[in-house]
2 protein chains.
Amino acid sequence: MTRTIKVLLAEDQSMVREALAALLGLEDDIEVVAQVARGDEVLAAARAHAVDVALLDIEMPGATGIEAAAQLHGELPELKLVVLTTFGRPGYLRSAMEAGADAFLVKDAPAAQLAEAVRKVLAGERVIDPTLAAAALAEGANPLTDREREILRAAADGSTNAELAATLHLSQGTVRNYLSTAIQKLAVRNRAEAVRIAREKGWL
Amino acid sequence: MTRTIKVLLAEDQSMVREALAALLGLEDDIEVVAQVARGDEVLAAARAHAVDVALLDIEMPGATGIEAAAQLHGELPELKLVVLTTFGRPGYLRSAMEAGADAFLVKDAPAAQLAEAVRKVLAGERVIDPTLAAAALAEGANPLTDREREILRAAADGSTNAELAATLHLSQGTVRNYLSTAIQKLAVRNRAEAVRIAREKGWL
DNA sequence: ACTACCGCATGACAGATGTCATGGGGGGCG
DNA sequence: CGCCCCCCATGACATCTGTCATGCGGTAGT
């Protein structure tokens with residue numbers, strides 16, 4: 001071992017974040033040198049601490065871990081990126097890889113894989129759950145257009161067509177048309193199911 | 001200190017569970033003697049290891065942490081119960097307390113509160129976030145009847161009235177009536193919003 | 001230039017959803 | 001016992017939602 005691996009930890013739930021830090025702290029060759037709770041604080045922290053690996057949770061306020069990964073990949077290309085998430089959604093894996101992630105871990109994998117992944121990415125390897133990789137490939141790409149995604153996201157809270165039309169500056173008919181095409185693309189029967197399926201696949 | 005506090009840890013995500021175990025392992029007076037990943041394995045594990053405190057996540061397969069708490073409270077009344085959750089929903093707090101919980105923690109509280117809470121409940125104290133307690137009181141009790149909750153839960157995935165009627169062995173009109181009253185009680189405008197609000201409040 | 005797709009819109013229609021009035025059967029409580 | 005609430009149901013009505021045909025302007029790819 002030449003020197004310890006410096007890790008940045010980004011995760012919004014303090015208890016989980018500090019617990020993960022404790023876990024990594026048990027490893028001799030790993031040191032958690034920075035912790036942040038928001039996606040939009042990741043870049044600054046990474047710059048300030050000269051880290052080797054960034055560990056990014058996806059679900060965070062400010063910016064998602066995937067958005068943070070894309071930023072880091074652009075600004076600090078040397079930095080290795082491990083994306084960590086609760087939900088093993090194939091669409092998440094796909095976006096994470098497109099954002100430049102080197103590893104993709106789900107939180108219900110054994111804890112030992114975390115330190116493992118940190119070492120592997122530093123050695124230039126990629127770490128991806130094979131089951132998830134297969135699922136991502138089997139599923140194909142996101143069939144929704146930008147606009148359809150946007151409207152589906154806005155419809156997720158139960159807004160009516162009138163409200164959607166108002167907030168998105170569209171006519172009601174247009175809103176219904178977009179929802180209709182989204183419903184057909186996802187092969188479901190109403191907007192509620194469409195939202196659910198799109199969420200599950202990580203397409204929202 | 002007489003002897004170490006024996007803790008049972010129930011949490012479905014391995015990485016989080018083992019990380020929390022690592023965190024508690026740093027404390028001299030606390031020992032994690034058992035770990036389970038399912039709600040329906042909690043009771044057996046508690047019996048097998050003579051634990052002092054059970055740490056229960058709410059969101060688990062098999063049975064929720066709240067259901068597990070109720071079981072433990074009935075079978076092993078001496079055992080202290082700490083309920084841990086991602087979501088600070090007032091309705092969760094209420095049900096947890098009714099199930100006999102001694103402490104209620106949200107995962108975005110500082111990690112130090114975890115060991116803290118374990119010690120306090122063993123000393124006979126109750127640990128509840130004051131903000132959350134206030135919210136729980138302000139919100140009042142769940143206004144939904146059993147049937148309304150059941151139907152709302154079934155409607156959450158986007159099922160149509162016809163499907164709901166079939167699975168619940170009701171007429172379509174009855175389904176609509178229940179949804180209508182639920183919608184009015186929650187002061188919203190459609191089933192999707194009703195599901196969302198009921199979820200947020202922990203009433204589902 | 002032609003084609004294809006996207007974003008946006010309108011109008012018309014069928015079917016789903018939400019509301020309301022009404023009523024029967026049951027349990028609990030004063 | 002009367003009252004209230006819950007569970008279940010029906011029918012009628014108004015509105016919302018989803019579908020389809022059609023059209024226009026813009027942007028990309030071949």
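Is B:W203 buried or exposed? With a relative accessible area of 7%, B:W203 is buried. This value, like the others below, comes from a predicted model.

## The surroundings of B:W203

B:W203 belongs to the segment that follows α10 (191–201) of chain B. Leaving aside residues up to four places away in sequence, B:W203 touches B:E139, B:G140, B:A141, B:N142, B:P143, B:R149, B:L186 and B:A198. A relative accessible area under 20% counts as buried, so the 7% of B:W203 falls in that class.

The C-alpha atoms of B:W203 and B:R89 are 9.0 Å apart in space, while 114 residues separate the two in sequence.

## Chain A as a whole

Chain A has ten helices and six strands. Its C-alpha trace spans about 65 × 35 × 30 Å along the principal axes. Chain A has 204 residues, and 48% of them count as buried. Among the contacts in chain A with a separation of 6 or more, 64% are between residues 24 or more positions apart.

## Relation between the two copies

Chain A is superposed on chain B by a rotation of 180 degrees with 0.1 Å of shift along the axis, and the RMSD is 0.1 Å. The two copies are therefore related as by a two-fold rotation axis. The residue of chain A that comes closest to the rotation axis is A:A19, with its C-alpha at 2.4 Å. Both copies use the same surface: 100% of the contact residues of chain A recur in chain B.

Side chains of opposite charge can pair when their charged atoms come close. Over all chains, a search of the whole structure finds 26 salt bridges.

One of them joins the side chains of A:K6 and A:E31, with an N to O distance of 3.9 Å. This pair links distant parts of the chain, since A:K6 lies in strand β1 (residues 5–10) of chain A and A:E31 in strand β2 (residues 30–36) of chain A, 25 residues apart. A:K6 counts as partly exposed at 25% relative accessibility, and A:E31 also counts as partly exposed, at 36%.

A:R47 forms a salt bridge with A:E75, and the closest N and O atoms are 2.6 Å apart. Here too the pair links distant parts of the chain: A:R47 is in helix α2 (residues 42–49) of chain A and A:E75 in helix α3 (residues 65–75) of chain A, 28 residues apart. The relative accessible area is 48% for A:R47, which is partly exposed. A:E75 is partly exposed as well, with 46%.

## A salt bridge between helices of chain B

Which parts of chain B does the pair of B:E148 and B:K185 tie together? The two side chains meet in a salt bridge at 2.9 Å, N to O. B:E148 lies in helix α7 (residues 146–155) of chain B and B:K185 in helix α9 (residues 172–185) of chain B, so the pair ties together parts 37 residues apart in sequence. B:E148 is buried, with a relative accessible area of 6%, whereas B:K185 counts as partly exposed at 38% relative accessibility.

In chain A, helix α9 (residues 172–185) contains A:N177. A:N177 is exposed, with a relative accessible area of 52%. The C-alpha atoms of A:N177 and A:E148 are separated by 9.5 Å, and the two residues are 29 residues apart along the chain.

## Position 57 in both chains

In chain A, a network of salt bridges links A:E11, A:D57 and A:K107.

In chain B, B:D57 is found in strand β3 (residues 53–57). B:D57 is buried, with a relative accessible area of 2%. Not counting residues up to four places away in sequence, B:D57 touches B:A10, B:E11, B:D12, B:G65, B:L84, B:T85 and B:K107.

Terms used:
Residues are numbered from 1 along each chain as its sequence is written. Chains are lettered from A and ligands numbered from 1 in the order in which they are written. This is a predicted model: local features need pLDDT of at least 70, side-chain atom pairs count only at pLDDT 80 or more; totals for chains, interfaces and linings use all residues. Side-chain values use heavy atoms; hydrogens and water are left out. A salt bridge is a side-chain nitrogen of Lys or Arg within 4 Å of a carboxyl oxygen of Asp or Glu. Helices (H or I, at least four residues) and strands (E, at least two) are DSSP runs, numbered from the N terminus. Buried means under 20% relative accessible area, exposed over 50%, partly exposed in between (1.4 Å probe, protein chains only). Contact means heavy atoms within 4.5 Å. Copies are superposed by least squares on the C-alpha atoms of residues with pLDDT of at least 70 in both.
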